[in-house]
Amino acid sequence: MDWDQNALRSNFCHALSEMYKSEVPLYGDLVDVVWEADKKAVQASQKLEGSQGINPDDVLPSRHRVERHGAIRLGTAHELATICRMFAIMGMYPVGYYDLSLAGFPMHATAFRPTTQEALSQNPFRVFTTVLRVELLTERTRKLAQKALGNRNIFTPRLVELLNCAEKRGHLTPEECTEFITNGLETFRWHSKATVNLEEYHLLKAEHPLIADIVSFPSSHINHLTPRTVDIDLVEHLMLDRGMPAKERIEGPPKRICPILLRQTSFKALEETVYFRDVSDTFVKGSHTARFGEVEQRGCALTREGRQLYDDILNGVNSEAAKKALKGTDYDKLLEHRFNIFPDNWSELHAQSLAYFSYKLSSFGETMAEDRTSVSQLGVSSTISLKELVHKGVLIYEPLTYEDFLPLSAGGIFNSNLGSASEFNQLIMSAEQDFSGFQRCLGTPIADEFHLYSEIQRESLESCRQLLNLREITV
């Protein structure tokens with residue numbers, strides 16, 4: 001492979017962000033709000049009141065400012081397979097399977113993202129990618145969707161040529177990388193002229209607004225981009241102060257000392273002018289609501305045990321909230337109360353194996369490694385437990401950032417942008433997940449996110465073992 005995937009991914013992410021700013025100016029305002037919130041949060045954490053000249057980019061990790069996740073909605077297996085090839089060129093691979101029928105959407109999804117710690121540290125650009133499940137549509141809508149989707153091509157001919165070249169030759173020239181970005185952006189560009197007529201659009205929308213968004217346009221326009229913040233509560237406050245149409249609540253777990261998974265909010269989707277053909281084949285003015293701006297605060301990745309505890313708490317909250325018809329602040333109070341049983345300090349999260357961590361040598365450990373006298377200084381055999389190494393101050397650990405998504409959290413944001421949707425039909429609510437079918441369409445295996453975090457954790461510990469010249473570190 002003769003091109004820098006990390007650089008290509010970073011350049012594409014930047015170009016996509018600039019395009020989205022021009023298409024949705026309020027997204028640019030949101031990026032400014034995030035920067036201001038991070039500045040205030042950094043000042044507060046370092047007790048730098050009055051230091052107006054501080055730049056949060058000088059303090060926060062380098063990946064923080066460039067970090068984005070986007071979301072697209074695809075209509076066919078061919079679109080999914082091709083987008084998979086496109087993302088692979090940028091070092092982004094499918095991770096996790098999300099059955100969105102559980103939230104009432106006739107779709108399933110994966111997240112394309114980097115999978116190694118090194119690539120994630122360079123640029124963790126990720127795209128949540130949903131695909132329409134036409135088998136969950138009523139017959140009339142299904143036929144209309146298949147016809148409309150069959151008549152479009154969301155990829156430029158040159159982009160397909162570049163994909164073929166990269167896969168066949170194993171390299172792209174700098175000029176071809178530039179072309180790749182230019183042509184790749186067309187897949188995500190907004191188009192104000194629909195490919196269906198007004199009557200067809202209303203038919204699709206009546207069954208589900210997201211069906212209309214997926215089927216009615218000549219591209220898989222990006223429907224939101226998401227910058228990352230260190231204080232989402234402050235961002236929400238600043239959004240409301242500036243009159244942005246912010247969501248009523250922040251999705252995800254409650255605010256914690258030790259953040260877990262992710263919390264996210266957004267400004268609501270904008271009503272945008274769209275032109276449809278009428279019966280006389282003349283374009284008439286209409287409107288469509290789909291695109292918004294989201295912001296997220298990412299916490300640590302949870303192990304399977306941690307995720308099970310999280311899901312159990314959340315299911316209990318949702319069950320009680322449904323019985324008592326709790327919403328808004330009442331729901332948030334219940335959520336915060338129930339999450340009191342989830343440990344909120346790093347030592348407990350580590351001791352109970354509820355979260356994933358990366359290990360490295362402390363300064364004491366580095367001295368031992370340099371002297372190559374680790375075993376004798378510890379006074380033990382060449383096999384030692386992880387617990388003892390941490391207790392003796394040889395190893396330190398830091399939480400691994402959660403790089404993936406929450407289906408229920410995503411569903412909440414989707415719902416907040418749909419307005420009053422029609423009743424979800426029985427096809428969707430009774431649907432079974434189709435992991436194997438989704439993976440066949442991709443043409444490549446879907447990585448298990450728990451395995452990826454576990455491998456990063458294991459590799460960091462193995463590196464420490466080698467540096468300390470130990471035979472084994474038992475966990």
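This briefing covers the nonpolar cores, aromatic pairs and charge-over-ring placements of the structure. The model is predicted. Its largest nonpolar core holds 59 residues, and a second, separate core holds 42. Across the whole structure, 18 aromatic pairs are found.

**Nonpolar cores**
- In the largest nonpolar core, the residues that touch the most other members are Phe12, Leu16, Ile83, Phe87, Phe180 and Phe188.
- Helix H1, spanning residues 5-23, gives the most to this core, contributing seven residues.
- Beyond its neighbours within four places in sequence, Ile83 has contacts with Ile72, Leu74, Phe112, Thr129, Phe155, Thr187 and Phe188.
- The second, separate core has Ile313, Tyr359, Ile456 and Leu470 among its 42 residues.
- In soluble globular proteins, nonpolar side chains tend to be buried together.

**Aromatic pairs**
- Phe12, Phe87, Phe112, Phe125 and Phe188 are linked into a cluster by ring pairs.
- Trp346 and Phe357 make an edge-to-face pair, with 6.3 Å centre to centre and 90 degrees between the planes.
- Trp346 belongs to helix H14 (residues 346-351) and Phe357 to strand E11 (residues 357-361), so this pair ties together parts that are eleven residues apart in sequence.
- Trp346 counts as partly exposed because its relative accessibility is 29%, which lies between the 20% and 50% limits.
- Phe357 counts as buried because its relative accessible area is 1%, under the 20% limit.

**Charges over rings**
- Lys193 is placed over the face of Phe283, 4.8 Å from the ring centre.
- Arg298 has its charged end over the ring of Phe405, at 5.5 Å from the centre of that ring.

Key:
Residues are numbered from 1 along each chain as its sequence is written. This is a predicted model: local features need pLDDT of at least 70, side-chain atom pairs count only at pLDDT 80 or more; totals for chains, interfaces and linings use all residues. Side-chain values use heavy atoms; hydrogens and water are left out. A nonpolar core is a set of buried Ala, Val, Leu, Ile, Met, Phe, Trp, Tyr and Cys residues joined through side-chain atoms within 4.5 Å. Buried means under 20% relative accessible area, exposed over 50%, partly exposed in between (1.4 Å probe, protein chains only). Helices (H or I, at least four residues) and strands (E, at least two) are DSSP runs, numbered from the N terminus. Contact means heavy atoms within 4.5 Å. Rings of Phe, Tyr and Trp (its six-membered ring) pair if their centres lie within 6.5 Å; planes under 30 degrees apart count as stacked, over 60 as edge-to-face and the rest as tilted. A charge sits over a ring if NZ of Lys or CZ of Arg is within 6 Å of the ring centre and within 35 degrees of the ring normal.
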